Amino acid sequence: MKLMTFVVPSYNSEAYLNRCIDTLLFDLERVEIIIVNDGSKDNTIKIANEYKKKYPKTVKVIDKENGGHGSGVNAGLQNATGLYFKVVDSDDWLDVANATYLLDKIAQHLKEGVSPDLYVTDFLYNKYDEGKSFVRTYKENFPIEKIIDWNHLKHKFSYSSTLLMHALVYKTSVLYDCQMVLPEHTFYVDNIVSYLPLSSTKSLYYIDRVVYNYYIGREDQSIQRHNIVKRYEQQIRVFKIIMHSFTYDELQAMPRGLKRYMKHALMDMMIITQMFTTGEYSRDRKKHLNDMWAELKAYDKKMYHFLKYRSYNTLVTFLPFRLKGFVMMQSYLHLTRKIKLG
């Protein structure tokens, strides 16, 4: 049995796919690698098939029409056979020593019969081309290397601190249980991966090692400021999926630590969505933001009142649209400078 499935959604990735895949081949017996070619127009499929030919017991290749990042994750999940599941974007890579440590820990827990539903690890924001990096650690939030439930977090999450996809390794059955299906042709679906499945996790284990290198630097990257502003409608689409995932009452019924985190994550994602939308002014942007709030109010008045009046969003919700955009963009630029990536 494969302990881990790595899914690599790939679109026009010929310039960096080798770097990614080479770091996933650290254990040919216990790892499954699924490269999903998402309708690339370059040599991505050729590179993928070369790995499949060389490592037929480890590498699978799915060649499909273009459907976007979420479509690639969906295809990988449908074909995954590993006990655990992790998405690795094709321009990112793993720290081989720490990934081996993680896999050994999974094997140890399996032998002991105590496999957690979720592993959390640190990751690195890596602006590789400029020699800049920043470690995102969760030492303040989780006890180190202890199997816990959600009621035994060290400290609650605050401000912009959230669990990102790069830090998460789910048990594959958890993703099946929550019936996660990501939207196609949509950026920012990693927010869904980082939120929806958490409700199906009961036990978790934190390792204070950097396993994942999150590459920052491509001009066409989704987190670049000009792109997040341009693609605001896709962020709204993602947030609407998230806000419809659970009602406020359903969140309140979750275990204490999970309830607190899920509400915190919602606050953070609403702030991000407002930032994307108000980054430029137009009547359409203003209407889309107002429509989103109206849809939330119609769907769940308790959630609406929580996010609008009893969360960090209150600090900007009632500002005029243009001023809101200025304040939020300045906060975004301050954050990127703070982590030495701007």
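**View 1. A cluster of aromatic rings in a predicted model.** Tyr 138, Phe 142, Trp 150, Phe 157, Tyr 206 and Tyr 261 are linked into a cluster by ring pairs. Rings of Phe, Tyr and Trp (its six-membered ring) pair if their centres lie within 6.5 Å; planes under 30 degrees apart count as stacked, over 60 as edge-to-face and the rest as tilted. The model is predicted, so local features need pLDDT of at least 70 and side-chain atom pairs count only at pLDDT 80 or more, while totals for chains, interfaces and linings use all residues. Residues are numbered from 1 along each chain as its sequence is written, and side-chain values use heavy atoms, with hydrogens and water left out.

**View 2. The ring pair of Tyr 304 and Tyr 309.** The whole structure holds 20 aromatic pairs. In the edge-to-face pair of Tyr 304 and Tyr 309, the centres are 6.4 Å apart and the planes lie at 80°. Tyr 304 is buried (under 20% relative accessible area; exposed is over 50%, partly exposed in between; 1.4 Å probe, protein chains only), because its relative accessible area is 7%. Tyr 309 has a relative accessibility of 41% and therefore counts as partly exposed.

**View 3. Charges over ring faces.** Lys 263 sits over the face of Phe 306, 4.9 Å from the ring centre. Arg 322 lies over the face of Tyr 281, at 3.8 Å from the ring centre. The criterion is NZ of Lys or CZ of Arg within 6 Å of the ring centre and within 35 degrees of the ring normal.

**View 4. Surroundings of Lys 64.** Lys 64 belongs to strand β3, residues 59-64 (strands are DSSP runs of E, at least two residues, numbered from the N terminus). Its side chain makes a polar contact of 2.7 Å with the side chain of Ser 71.

Key
Helix = DSSP H or I, 4+ residues; strand = E, 2+ residues; numbered from the N terminus. Polar contact = N/O pair within 3.5 Å; in protein donor to acceptor, adjacent residues only side chain to side chain. Contact = heavy atoms within 4.5 Å. Lists of a residue's contacts leave out its neighbours within four places in sequence.
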